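Have a look at the picture, then go through the points in order.

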Amino acid sequence: MITKRSLAGAVVAAALVAGGLTACSTGSGSGGVTTINWWARVGDGQKELAKEFNATHKNIQVKITQLPDDQFVNKVGTGVRSGNGPDVIDFDVANAPLFAATGVLADISSKVDSLSYKDELNPGMMKLAKYNGKTYSVPFTAGPSFVLYNKTLFEKAGLDPNTPPKTWAEMEADAKKVRALGSDTYGFDIPGACGGGLSFTVQPYIWASGGQTLTAANAKQKTTYATSPEVARTFQLYQDMWKAGVVSPRAQTTDCATWGQEWEAGKVGMITSGAWMVAPTEKTGAKVGYFAIPSSDGSGTSTFAGGNNDGIAASSKKQEQAWTFLQWLMGAKAQKAMSASNGQAPVRSDVKVDNALVSFQQKIGEHSDAPDSIATNALQLSASSPWLTAFQEIVFQGKDVDTSLQKADSDSKNLIGQAYQQVGQ
């Protein structure tokens, strides 16, 4: 599902804010059958779920259209304006505030409040589902970030493969021992040219240690890169490992498409990522372990609330049928099927799966967080984001930490202001 995250996009897609958002998806099918148009991210499982829903529902049928991440926001905006858009939208959870703020999604607060399992839904994803006190989407599939480690390389390096590091210092020490194996084997991996990858993997180290990267989501929102000491400490951790040579030189140019290639080839000791990177490495014959992203001293953990949220298009004339479909997607059967297809966790803590990796993801998901902003794409995910620029300057170029973070805050302030101006707030 989250194999290569949504990693590009404008501050607020012009397609979403240009023109009215009052168009309606047309037609309800023939013979009393209502057709729901489901626009979804490219990924495993959605097509199979649509087939299963259609096989078990006579009066509602789902037509799925899958869109690539780099085109998703603009295509949704265009579809909504044209009147030929979706009824249900399956999107990167990071875009939940954007779609809510621009009027793309319907307010489903009362429907969500009536769910018997409302309090069991992934908290980090539900945080982004809310905008100005109302709920506009629900979690569909969860993909939290965590640290994976190659047990085979650990054992070769003289480390206990069943005892992963618990602190940042231990992570650095273990990475150096794996690097000492020589050749093209490295201790740690960094997606250094991938803004979304760095957002997904670096921020939890900050959160776990008590820091933050953003103030509350409103027109006065600010990034806190220079004022939250944990940001500087986290970037320093990455810089230290880069300077120590435990990271491959290719990390500096590793973009979102090439992220994890060396890890998946069995040549990296540790990588902060998600469940999709387990199976490829195991195919090399290596054993893979995993642990929660720790705070600097190991006293806390955190994870990025990655994954997909789904919402009902405000323009849809089939909102009751769309809600029926959304409830089905959150049901235990669909959640287990989706988990089986991608190795990720159900979005409900009361839906249990007999799989150690899935159970682990559900557990760490209880302490998940996410950057809550309508400007997330421009702030962190895009190739020109202040977040990515500051990381590259500090980690790879060795520039002054305070100077780079202060500039990132200044540039981010302008981007947030532009975003709120574009949505008329």
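1. Let's begin with Thr376. Apart from residues up to four places away in sequence, Thr376 touches Ala94, Pro371 and Leu381 (contact means heavy atoms within 4.5 Å). Thr376 sits in helix H16, residues 376-381; helices here are DSSP runs of H or I with at least four residues, strands are runs of E with at least two, and both are numbered from the N terminus. Its side chain also reaches the backbone oxygen of Pro371 at 3.5 Å. Thr376 counts as buried because its relative accessibility is 4% (buried is under 20% relative accessible area, exposed over 50%, partly exposed in between, with a 1.4 Å probe and protein chains only).

2. A word on the model itself. It is predicted, so local features need pLDDT of at least 70 and side-chain atom pairs count only at pLDDT 80 or more, while totals for chains, interfaces and linings use all residues. Residues are numbered from 1 along each chain as its sequence is written, and side-chain values use heavy atoms, with hydrogens and water left out.

3. Next, the five-stranded sheet. This open sheet has the order S2-S1-S3-S13-S6, with mixed pairing (two strands pair if DSSP finds at least two bridges between them). Strand S2 (60-67) and strand S6 (138-142) are at the edges with a single partner strand each, so one side of each has no neighbour in the sheet. From one strand to the next, the twist averages 20°. Strand S1 (residues 34-41) runs parallel to S2, joined by eight bridges, and Ala40 stands opposite Gln66 in S2.

4. Which helices pack on that sheet? Helix H2 (residues 46-56) lies across S1, S2, S3, S6 and S13, running at about 170° to S2. Helix H13 (residues 319-330) touches those strands too, namely S1, S2, S3, S6 and S13, and its direction makes about 155° with that of S13. For these angles, axes are lines fitted to C-alpha atoms, for helices over the stretch in contact, and values run from 0 to 180 degrees between N-to-C directions.

5. There is also an open sheet of three strands, ordered S11-S12-S14 with mixed pairing. Its edge strands are S11 (293-294) and S14 (368-369), each pairing on one side only. S11 and S12 (residues 301-304) pair in the antiparallel sense over two bridges, with Ile293 opposite Ser302 in S12.

6. Last, how many disulfides are there? A search of the whole structure finds one (a pair of cysteine sulfur atoms within 2.5 Å). Cys194 is joined to Cys256, S to S 2.3 Å.

Definitions and conventions
A polar contact is a pair of N or O atoms within 3.5 Å; within protein, one must be able to donate a hydrogen and the other to accept it, and residues adjacent in sequence count only if both atoms are side-chain atoms.
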